[in-house]
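Hi there,

Here is the structure I promised to pass on to you. Have a look at it first, and then read my notes below.

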Amino acid sequence: MSGPVKQPPLPGMQRSGAPARTLPAWLGELHLIRRALLCFALTMLASLLLLSLSIAYRTREAQQLDLAQRTRSAATTLFNHAEAEKQEIRAYEPQFLALRQRGLIGEENRLAWIDAIRRSQEQRKLLPISYDISPQQGLQVPLPMVMGQYQLRGSRMRLQMDLLHEMDLLNLLGDLRQAGYFAVQDCTLKRHAAAGAGPGGGGTAPALGAECELLWLTLGSAPVPGRP
């Protein structure tokens, strides 16, 4: 058997549609709490804004604190360095003043060298002495030696003199060391072949002739690059 036959709808008749959905009852009451919802939304926005501002403020304060700590650390380092330099100055100031008084530090004093030669000659009754001083020049120092703001300089002096004995030369060099610092670069002694009458008609003749080269040393301020 066949089932019931469905007949098509007749003209003019409408098909029954799906049943309409009913909205929840609380949606119809939203207008009652609209102001509360708006206040809640504004409160949330204000809270988020304040939270963002507080985070930014905290980050900025942390950065400023870090900067202040680093600045304080740098200032402490500079202070400790300055204190160490002051202690070094106190420790080495006497030696520095002594070296400057002896003529090693500062400008060279050729008059003091010449005066030392004259006084030694007069006091020790030495024979005539001739000398020649070359222009001052800068000297190279070994690489491990740190000179700081100073430069080592030297002036060469050639001495020629007759000697009655070897001690005349040693005594002269000893006297010259009171006028400054120098290094003996070369010294040649020659014995005279024949002895004659000494200067001034005396009976004592020079037995030796000496020719020495001295290098007078000074520490002067090093030139600053870019300055005339």
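How many helices and strands are there in the chain? There are three helices and five strands, where helices (H or I, at least four residues) and strands (E, at least two) are DSSP runs numbered from the N terminus. Starting at the N terminus, their order is α-α-β-β-β-α-β-β.

Before the details, a word on how to read them. This is a predicted model, in which local features need pLDDT of at least 70 and side-chain atom pairs count only at pLDDT 80 or more, while totals for chains, interfaces and linings use all residues. Residues are numbered from 1 along each chain as its sequence is written, and side-chain values use heavy atoms, with hydrogens and water left out.

**The chain as a whole**

The chain has 228 residues, and 18% of them count as buried. Buried means under 20% relative accessible area, exposed means over 50%, and partly exposed is in between (1.4 Å probe, protein chains only). Among contacts (heavy atoms within 4.5 Å) with a separation of 6 or more, 71% are between residues 24 or more positions apart.

**The disulfide**

A disulfide is a covalent bond between the sulfur atoms of two cysteines. Counting pairs of cysteine sulfur atoms within 2.5 Å gives one disulfide. Cys187 is joined to Cys212, with 1.8 Å from S to S. The pair links distant parts of the chain, 25 residues apart: Cys187 is in strand E4 (residues 181–191) and Cys212 in strand E5 (residues 208–221). Cys187 is partly exposed at 31% relative accessibility, whereas Cys212 is buried at 3%.

**Helix H3**

Which residues of helix H3 (residues 166–176) are buried? They are Asp168, Leu169, Leu172, Leu173, Asp175 and Leu176. Seen down the axis of H3, these buried residues fall within an arc of 160°, so they line one face of the helix; the arc is that of the directions from the helix axis to the C-beta atoms. Their cover includes helix H2 (110–124), strand E1 (129–133), strand E3 (150–163), E4 and E5.

Leu42 lies in helix H1 (residues 34–101). With a relative accessible area of 52%, Leu42 is exposed.

Enjoy exploring!
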